[in-house]
Amino acid sequence: DAPLVDTHTHTFNLSALQSIPLHSPLALPPPPRRPGPTPGILRRRAGAAMAARAPYFAPEEGARGIRPGESPAAALRRILATPGAHQAPCCFDALGARLVERAGFPICFMGGFCVSAARLGLPDVGLISYGEMVDQGRLITEAVSVPVIGDGDNGYGNSMNIKRTVKGYINAGLAGIMLEDQVAPKACGHTEGRKVISREEAVMHIKAAIDARKESASDIVIVARTDSRQAVSLDEALWRVQAFADAGADVLFIDALASIEEMKAFCAVAPGVPKM
């Protein structure tokens, strides 16, 4: 009587699968309906269990999902305005995004590392293009009703390229875009030897993203990332995120912070701006 799929964990029951005779037809009859709690109650119980394990997890329906008449970016801004840490698991395709949504997370993140690996079979070293990323983002946003942040890498060029990238991500339905200050070709944030563009150019790129948002009459969330902690120093990284905040970035991110103390120093910069 073991079900093929556990409806609580959505994991396959291999022992049940192996118990099916080889001559069984492909179209199996549905299992008999068993008395028990309704799916809504199951979801609420799962949410309560998750909340017990993760204090910042918000299982309430009002805390996640894009509401009718609400833009994806507005939904993301609403979530970011609530207290606590909001987890945003990465995905690389529409199915992965649906699994993130079904697990109850309020936000999904389309990562360049995983899209490059899944779509091209190549490492995250600047080989994937703007067109491939925006196409993947469109497929992902069409599949879910939670806001999705898209990895925009280094914008795929100069300030004019960044404006086109931001507008493309807006049209793809993405709620946010993360932009970094690495030189081209960029490298994955987990690698050493990364290099960053100058302070002036980095700030100009964020200003270009803000201009593209205004020109599109959009409210897409701009996540400004710096890789200068590893490339230069912590002081340089702190200077850059403050400059990004002054330029109008909505979320700040310093990649490769090395300690709790560095995280505290980061969070002390522009305290009213959310941090990734």
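The structure is a predicted model. The chain contains 11 helices and 8 strands. Of its 276 residues, 43% are buried. The chain exposes about 14,900 Å², and 60% of this area is supplied by carbon and sulfur atoms. When contacts between residues at least 6 apart in sequence are considered, 64% of them join residues at least 24 apart.

Helix α6 covers residues 130-143 and helix α7 covers residues 159-171; their axes come within 9 Å and cross at roughly 20°. Angles under 35 degrees count as roughly parallel, and α6 and α7 are therefore described as roughly parallel to each other. The crossing of α6 past α7 is right-handed. On the α6 side, the contact involves Y130, M133 and V134, which meet R164, T165, G168 and Y169 of α7. By type, the residues of this contact comprise 4 nonpolar, 2 polar and 1 charged.

In the strands, residue A224 was considered. A224 is part of strand β7, which spans residues 221-226. The relative accessibility of A224 is 0%, so A224 counts as buried, the cut-off being under 20%. Apart from neighbours within four places in sequence, A224 is in contact with L179, I206, F244, A249, V251, L252 and F253. A further distance concerns V241, which lies 17 residues from A224 along the chain; the C-alpha atoms of A224 and V241 are 7.4 Å apart.

Definitions and conventions. Residues are numbered from 1 along each chain as its sequence is written. This is a predicted model: local features need pLDDT of at least 70, side-chain atom pairs count only at pLDDT 80 or more; totals for chains, interfaces and linings use all residues. Side-chain values use heavy atoms; hydrogens and water are left out. Axes are lines fitted to C-alpha atoms, for helices over the stretch in contact, and angles run from 0 to 180 degrees between N-to-C directions. Helices (H or I, at least four residues) and strands (E, at least two) are DSSP runs, numbered from the N terminus. Angles under 35 degrees count as roughly parallel, over 145 as roughly antiparallel, 65 to 115 as roughly perpendicular and the rest as oblique. A crossing is left-handed if the near helix is turned anticlockwise from the far one by less than a right angle, and right-handed if clockwise. Contact means heavy atoms within 4.5 Å. Ala, Val, Leu, Ile, Met, Phe, Trp, Tyr, Cys and Pro count as nonpolar, Asp, Glu, Lys and Arg as charged, and the others, Gly among them, as polar. Buried means under 20% relative accessible area, exposed over 50%, partly exposed in between (1.4 Å probe, protein chains only). Accessible areas come from the Shrake-Rupley method with a 1.4 Å probe; for residues, only the protein chains shown count as cover.
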